Amino acid sequence: MYISVIGHGRSGKTTLFKALSGVESAQGYSEGDSIISIDVPDERVEELTKIFKPKKSTYARIELADTVAIEEGNLKDSTISAKTLQKMRTSDAFILTLKYFDGAVFEDLEKDFHGIVSEFILADMVQIENRLERIKKQGGKKENTALLQEEALLAQCLAHVNDGRVLSTLDLSDSDGKALRGFRFLSQKPMMIVVNCSEENMGQAASMSERLAHTATGYPVIYACARLESELAMMGADEQETFMAEFAIEESIRGRLIRLAFETLGLISFLTVGDDECRAWPIRKGMSAQEAAGAIHSDLAARFIRAETMSYGDFMKHGSIAECKKAGVWRLEGKTYIVQDGDILSVRAGN
Ligand SMILES: Nc1nc2c(ncn2[C@@H]2O[C@H](COP(=O)(O)OP(=O)(O)O)[C@@H](O)[C@H]2O)c(=O)[nH]1
Ligand SMILES: [Mg+2]
């Protein structure tokens, strides 16, 4: 999972990146260019670690990128570096920071949001037009149904973006969705909006975010003071508690945003336990036990026989695998079992 923090210049992207990663900027990268892998906080891994005392504990991870600023015209005029554009195209999702400090009012948030979305739409438009142009030039089209289908699909996309609408709102069949995947359209990606407010604006931030959610339909909106949160991220646990109480921060943006990212991307985690390692594995909701085994190792999916399964809740309630077996909550599931969030799995595989 790869998420880019995007937004206008001086909207607080780097500050939010610090708050989420707990580092100033990733080593070897300049500001606005950092990519870092961060652990997804998971209480379940902590609790299981206390019980199993494994050699190591591993959390689910997400890759987070601090991207250079996007200003009006950048994407359309290709005045943004190929590297940045690539970073954006390969992202699974975006975090958009909107500036709600230095005198910004609601109309500014709205304008900035529309500005960024327009850039996405224009960038996608250019990409679609280029591809259509190339298809047009290609000979022997009449016999090539795949090409004709692609052309029709792209024409549909073009009409949609020409209407000023993002591609994520275009109703697509599964096969059409698959056909478009390779384009990595920016306006098709999930995006979470962070209203980045000053301390003074904290009081209005909730109602402001709600208003913005009406404008930005389809995009979840949360708010935070990135500057305070970035300070918070650099502190030790004791200090954090005092700081959070002082500024009435109930939960850090890091926890809130990562949870939101999981939801937005349709992810869940299953768990593995043992003396060697306790670990959380992120997978897409709806994956089968065999597919989940493939997240651990492709070999494990190929040789899959059964998955020993119990829920985290049951395990904590009964305290051990043996007790879970006695209570009848430990099960053997087959290939097609749909893995649930918090399932503790142990895959039995053949040779
Ligand atoms: N008051 C206030 N200032 C902030 C906040 N977040 C960022 N800033 C300030 O805004 C300026 C730009 O922040 P930066 O993170 O570098 O923005 P970027 O250009 O989007 O990466 C800096 O001076 C920050 O200190 C915030 O939550 N509140
Ligand atoms: Mg920056």
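Predicted model: local features only at pLDDT ≥ 70, side-chain atom pairs only at ≥ 80, totals over all residues.
Colleague: Which helices each supply at least two residues of the shell around ligand 1?

Modeller: The shell holds 15 residues, with Gly 12, Lys 13, Thr 14, Thr 15 and Ser 198 the closest. Helix α1 covers residues 13–21 and helix α8 covers residues 226–233. The helices that each give at least two residues are α1 and α8.

Colleague: Which helix gives the most to that shell around ligand 1?

Modeller: By class, the shell has four nonpolar, eight polar and three charged residues. Three residues come from the helix that gives the most, and that helix is α1.

Colleague: At what angle do α1 and α8 pack?

Modeller: Thr 15, Leu 16, Lys 18 and Ala 19 in α1 meet residues of α8, among them Ala 226 and Arg 227. The crossing is left-handed. The axes lie 7 Å apart, and the angle is about 35 degrees.

Colleague: Which are the edge strands of the open sheet?

Modeller: The six strands run in the order β2-β4-β1-β5-β6-β7, with mixed pairing. An edge strand here pairs on one side only, which gives β2 (35–39) and β7 (221–224).

Colleague: Which residue in β4 stands opposite Ile 3?

Modeller: Strands β1 (residues 2–7) and β4 (residues 61–66) run parallel, joined by four bridges. Opposite Ile 3 stands Leu 64.

Key
Residues numbered from 1 in each chain as written. Chains lettered and ligands numbered in written order. Pairing = 2+ DSSP bridges. Axes fitted to C-alpha atoms, helices over the stretch in contact; angles between N-to-C directions. Left-handed = near helix turned anticlockwise from the far one by under 90°. Contact = placed C-beta atoms within 7 Å. Near = placed C-beta within 6 Å. Nonpolar A, V, L, I, M, F, W, Y, C, P; charged D, E, K, R; others polar.
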